[in-house]
Amino acid sequence: MTTIAENWGVHEAQFWLRGEFPADPVGFEPATGAWNVYGHAEALQTLSDPKVFSSDTARLIPKEMSPKKDQFIEGNLLQMDPPDHKKLRTLVSHAFTPKVVADLEPRIATLTNELLDAVDGADSMELVTHLAYPLPVIVIAELLGIPASDRDLFKEWVDTLLRNSQQRSLTEQTEEDRKAAEETQEQLNNLVGYLGEHVEDRRKNPREDLLTKLVEAEVDGTKLTQNEVVNFANVLLLAGHITTTMLLGNTVLCLDSHPDEYRRVREDRSLLPATIEESLRFLSPFALVARATTTEVELGGQKIPADSMLFTWVAAANRDPRTFTDPGKFDPARKHNPHLAFGRGIHFCIGAPLARLEGKTALNILLDRFPDLRTDPAVPPSFIPSPHMTGVNGLQLLLKP
Ligand code: HEM
């Protein structure tokens, strides 16, 4: 059977999607000046030991490549190490509790139904435009308390960020790299400026929303600064929607490509959560996370110097044949699925419960409303054009028998 990667144009750098796995689970890449980690055990090691594998990777990026990088770091959990990380994560967890997420289920269902009403009676729909993009972005915007009607604005900013998200050298900067860095900076400024105005407003006019909770949250007498609230909200807004958009599209594509599994999950919806986990393993939305070594360390038989940039390719680790039986097979019934799609350790995705809930709720409704749902063979799916992401960004579906 041909694989999804062979059938459709996934990014050429993502060799693990074509059933390839490198002989060395860890290797240095002269073109980027960084180390790549592909093996599952090795990836786990980098995610589990923040003392040696620090998340403060910005310090290794030359200032001229990202002149205002410091401005976006404060409050960005993804870039923080203990003890500051723990403090902020605890604070944020007070605002972003399991109950806050669980209570969203009826709203997610209503939104899904409203979005699908727009294509009721139609012969076909494009999944990303009609459901997979708007649903998570409306949910996260409503949760934060920013107008969901501004979502076209976020889309414009985020699309530019994704376009500029390519593997780049840490040692040499081309004209293209410089332009990309400038554009990225401009879009981040837009996002941060926009969120800053809303945060300012919540200080004066508190509301029942996450931005207000973040402004008010307090641990040991400490509150978040303006910059911390804005940057954290920015991470939530970005991480909170593009990844879930990919999860929804990828899962539909996986099911469509595997008719037996599709039929089984249609008939028995209790299989949906395991199907979503397998989709996360099989087509992992966030392909890599970055770390910076603080000391010389041995990893996967290689000696890595201190102050090295490390790319841990969780998407490749999720296809490691040493950990997963038959890794190239989409098998929602697999017994052992310790995938790393949400990371591991102290930075484990804070939004995982929300992504899982959105996935389960939306897919259940989609399957209920369109029993004949399948991809349109005349319009191939397209993927986000970045080696750092694996995600459908266009998926044309036929709705009628
Ligand atoms: C962290 C993936 C959805 C917010 C992470 C990490 C991964 C990840 C791999 C770990 C990064 C690292 O170790 O450096 C995903 C995937 C998602 C998803 C695949 C959907 C399928 C979400 C959602 C939100 C979110 C819906 C917010 C509402 C965050 C935040 C962190 C994070 C704030 C940082 C946590 C920390 O550093 O302590 N995510 N994510 N993510 N994610 Fe997600």
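I count Ala, Val, Leu, Ile, Met, Phe, Trp, Tyr, Cys and Pro as nonpolar, Asp, Glu, Lys and Arg as charged, and the others, Gly among them, as polar. This is a predicted model, in which local features need pLDDT of at least 70, side-chain atom pairs count only at pLDDT 80 or more, and totals for chains, interfaces and linings use all residues. Residues are numbered from 1 along each chain as its sequence is written.

**Ligand shell.** The shell residues divide into 18 nonpolar, seven polar and one charged. Of the 26 residues, Gly240, Thr243, Gly343, Cys349 and Gly351 come nearest.

**Sheet.** I took strands as DSSP E runs of at least two residues and helices as H or I runs of at least four, numbered from the N terminus. Two strands pair if DSSP finds at least two bridges between them. I found an open, mixed sheet of five strands in the order β1-β2-β10-β7-β3. β1 and β3 (53-54) stand at the edges with a single partner strand each, so one side of each has no neighbour in the sheet.

**Hairpin.** I noted that β1 (residues 26-29) and β2 (residues 34-37) pair antiparallel over four bridges. Glu29 stands opposite Ala34 in β2. Four residues separate the two strands of this hairpin, and Gly33 in the turn has a positive phi of about 75°.

**Second pair.** I traced β7 (residues 289-293) and β10 (residues 309-312), which run antiparallel and are joined by four bridges. Leu310 in β10 is the bridge partner of Arg291.

Note on methods. Near = placed C-beta within 6 Å.
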